[in-house]
Amino acid sequence: MILSSDGLYQYFTNEESVSEVENFMSKFPEGDPSQHLGEEMLFRAARKAGMDFHEFLDLPPGDHRRYHDGVSIIVISFEGKTWRSSV
């Protein structure tokens with residue numbers, strides 16, 4: 001289950017979010033799917049802004065607000081694991 005603030009859905013549909021988490025977990029079962037989803041959202045925000053990812057990350061913190069909302073993501077596995085991330 002994915003719980004997130006609405007900023008994530010400016011860049012992902014519900015189906016894309018689930019697919020992204022499923023693909024990530026199949027490749028990296030010990031990884032953090034919430035952090036991965038947040039990073040992928042930032043990649044999409046950078047691309048939409050016409051910037052490269054690292055250029056986007058180098059923006060002063062207040063300038064990020066022009067390109068994306070702050071986003072909190074919680075991924076809950078029905079097998080008992082929970083991951084949290086904020087971007």
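Met1 is partly exposed in this predicted model, with a relative accessibility of 46%. Met1 sits in the segment before β1 (2-4). Together with Leu3 and Phe78, Met1 makes a nonpolar surface patch of about 360 Å².

**Aromatic pairs**

- The whole structure holds two aromatic pairs.
- One of them joins Phe24 and Phe28, whose ring centres are 5.3 Å apart. Their planes stand at 40 degrees, so this pair is tilted.
- Phe24 is buried, at 12% relative accessibility. That value falls under the 20% cut-off for buried.
- Phe28 is partly exposed, with a relative accessible area of 46%.
- The rings of Phe43 and Phe53 also pair, with centres 3.9 Å apart. Why does this pair count as stacked? Its planes are at 25 degrees, and planes under 30 degrees apart count as stacked.
- Phe43 belongs to helix α2 (residues 33-48), and Phe53 belongs to helix α3 (residues 53-57). The pair therefore ties together parts that are 10 residues apart in sequence.
- Phe43 is partly exposed, at 36% relative accessible area.
- Phe53 is buried, at 15%.

- A search of the whole structure finds one salt bridge.
- Its partners are the side chains of Arg44 and Glu16, with an N to O distance of 3.5 Å.
- Glu16 is partly exposed, at 33% relative accessibility.
- Arg44 also lies over the face of Phe12. The distance to the ring centre is 3.8 Å.

- Ser17 is part of helix α1 (residues 14-27).
- Is Ser17 buried or exposed? Ser17 is buried, because its relative accessible area is 1% and buried means under 20%.
- Which residues does Ser17 touch, leaving aside those up to four places away in sequence? The contacts are Ile2, Leu8, Tyr9, Phe12 and Leu37.

Note on methods
Residues are numbered from 1 along each chain as its sequence is written. This is a predicted model: local features need pLDDT of at least 70, side-chain atom pairs count only at pLDDT 80 or more; totals for chains, interfaces and linings use all residues. Side-chain values use heavy atoms; hydrogens and water are left out. Helices (H or I, at least four residues) and strands (E, at least two) are DSSP runs, numbered from the N terminus. Buried means under 20% relative accessible area, exposed over 50%, partly exposed in between (1.4 Å probe, protein chains only). Contact means heavy atoms within 4.5 Å. Rings of Phe, Tyr and Trp (its six-membered ring) pair if their centres lie within 6.5 Å; planes under 30 degrees apart count as stacked, over 60 as edge-to-face and the rest as tilted. A charge sits over a ring if NZ of Lys or CZ of Arg is within 6 Å of the ring centre and within 35 degrees of the ring normal. Patches are made of residues with over 30% relative accessible area and no salt bridge: like charges are joined within 9 Å, nonpolar side chains (Val, Leu, Ile, Met, Phe, Trp, Tyr) within 5 Å. Accessible areas come from the Shrake-Rupley method with a 1.4 Å probe; for residues, only the protein chains shown count as cover. A salt bridge is a side-chain nitrogen of Lys or Arg within 4 Å of a carboxyl oxygen of Asp or Glu.
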